Amino acid sequence: MRLKLFAGAKQALITVVTGILISLIAFSYVRYIENQDAHEALENEAYNVQREIRQNLVAHLFATELFARELKQSQQSLDQRWNDDASIISLYYQSITAMVWLSPELVIEKYYPPNRQAQLLGTPFKQSELIEVLPQSQGNQHAMIGSAGNLGRIGSDIVMFSRIDGAERQGFLGLVISLQDLLNDVIRQNISEGYQVAISRDGQTLYQFAGDISLREQWSVNRTLQLLGSKWQLHVWMTPARLADEREGFALTLLFTGLFITAMLTLVFYIVAQSRYKAQQLADANIELYSEIDERERVEKEIAYLAEHDSLTRLINRNALMRILTEWLNDPSENGLTAILFVDLDRFKEVNDALGHTVGDELIKRVARRIKKLAPKDAVLARSGGDEFLLALPRSSAREHILTLAEQMLQALDAHFYVDEYELFISASIGIAFAEDADNNPEYLIRNADTALYQAKDNGRNTYHIYSQAVHRDLAKKLEMVKQLRHAVEQESLEVYYQPKVELLGHRIIGLEALVRWVKEDGTVIGPDQFIPVAEDTGLIIPLSEFVMRTACQQLKRWHEMGFADLTMAINISGKQLHLPDLVDTIVDNVSEARLSPRFIELELTEQVFIENIQSHTNFMHSVREHGMSLAIDDFGVGYSSLSYLKNFPVTSLKIDRSFVRDLPDNEDDAVIVQTIINLAKNLNIQLVAEGIETSEQVEFLLSRDCGVGQGYLFSRPIPAEEITQLLQNYQGLMPIDISS
């Protein structure tokens, strides 16, 4: 009996030790996986915070460079431009606390707001590492960043300087930024619940958003924020509660379960030692237990697989691609050769909305297979999320090969897909970026490809675009212009200028062309070649054109009442307006409200717009003529179409494009073209107007060829209505110019 009892105790002891070891190993392994998942979540949070902070700092750098460039190019005095820029900065950049102007000797000459730290004026800039950087920045067109020194209110304030080497003004334009305010704004909007942040430089904490620092040393993820030579250290860690949520308590549950099972097995083994029957039961229990462990290991492997793979397409995800790109870009043999194609399906949302997510998911899988067939063997395809794919190529020896691949992908994706009983047609837009344009940084590489993709979408979809440094600058400039133009249109702060149309023989002003001009509050005139394309792209051209038409009609009525009753008004019509179903009614209403006869109104369409819409807008053209208004073709001669429309449609006037007039009479080709247009107009009984006249020789040539009406800088540039009124009154409707001289 004692031998049996001893044998049972021995088995029990072995069971206890084995069970505890297995439980501890399982606990350690699961806790390791949980810690890895928590650390990955922490890495993602740190990446998001780092990206947002950097984007905000880059936005302020762009603002510094933009205001410096505008200050350098401005014709205004420094004081006037200073006040205008300061008000804009204080309105749009809340974290900028001051604007400062340093002389080339780093003496503080201007400080805004003037009632703050007035004692700094006339004193040198100091207590900042930029004191040594600024004097050595000759030829540097980019902003420089560093500690604010004596310009800041607190030690964590920073300053961004941009050097200005103009002919009339030299020095440094600086924006003092409250790092506390900027980081508060960025982090409070982007930080997730349970995460805490600190930012330091050279071991000194500049900013901290934390309530519990107990896990900072053990769980802190540190990243470097580097911008133009300045480095900050970003520290992100979790609160204990957040860490507990990330771990989910599965490891502890497993430990307690393991210990409980160990206790049970100990009892079982003790009993099994006393009975062969119990031994058989124990063997069966072990087999079942091992099967459960094998299943758990399989599940854990699947979880680890899904951490770097997309569950739908089984492609790697963005995190795995970032790891692969990092390895490629750290390899000197691959340095600068890596390229990435950012593929986004056009109008994929319409498929999901119309046919459901099941069909949409199947379409995504088939798109992935089609892209993979076209991709080179050494390429890596990842799904970024939604309908976005990233195709990375480690060796792009020739950019032409990448462009050929992009064209093949566009063609392949433009073909139909069969999903269930549906035949689907989609297209794609592709952004292309190269590592050499991203400083061999995987994060920048993907960001650049995303930026290029945005440009491809903006260019009309179903195309590709290659990233360049100009893309960021053009995008920022365009967004700013759209914002300002929208405000100008809403406030009707645009102005209508008028350019006279002159009878060449008698110098009599017979009409005017209404041309919109954008005059900013500081007097800067923005040319139509800059803002009209933006207005066309954004749809602002419609309210803008309606404003011009309304203003021009009312102004023409005032000139008629002053005694110049024979003047006509030419008003441009955009291609966007031609799509409006009530365009003719709108024009007639404006003419009627101004109490004008329609015969004094001439509507101008460029030749390209005219041709593109000639079939679909026939009713518009005939309706205009039926109401008594004239119809002119602007920029005539630069189109690409047949001239049959001159015969079949009610055109009353042709305006010879300035490109043919500019080199007259010396250029023989231009002379032949102009003579041909004049003969064509005479044969069809259509009036002629020559644009861009700048010399008396051009007038003599046109008169000798029976072209009697023109407009151009020789007579007058487009000028405000007040100046046209003075011109009409002072010279009784004649142009004050001696053409014969």
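First, the terms: helices (H or I, at least four residues) and strands (E, at least two) are DSSP runs, numbered from the N terminus. This is a predicted model, in which local features need pLDDT of at least 70, side-chain atom pairs count only at pLDDT 80 or more, and totals for chains, interfaces and linings use all residues. Residues are numbered from 1 along each chain as its sequence is written, and side-chain values use heavy atoms, with hydrogens and water left out.

Cis peptide bonds next. Go to the loop between helix H21 (658-661) and helix H22 (668-683), where you will find Pro665. Another cis bond links Tyr112 to Pro113, with omega about 5 degrees. Pro113 sits in the loop that runs between strand S2 (108-112) and helix H3 (130-133).

Stay in that loop, between S2 and H3, for Gln127. What is phi of Gln127 near? For Gln127 phi is near 65 degrees, which is positive, and the residue is not glycine. As for accessibility, buried means under 20% relative accessible area, exposed over 50%, and partly exposed in between, using a 1.4 Å probe and protein chains only. At a relative accessible area of 58%, Gln127 is therefore exposed.

Last, Arg314, in the loop between helix H8 (276-306) and helix H9 (318-329). Here is another residue other than glycine with a positive phi, near 65 degrees. Arg314 has a relative accessible area of 39%, so it counts as partly exposed.
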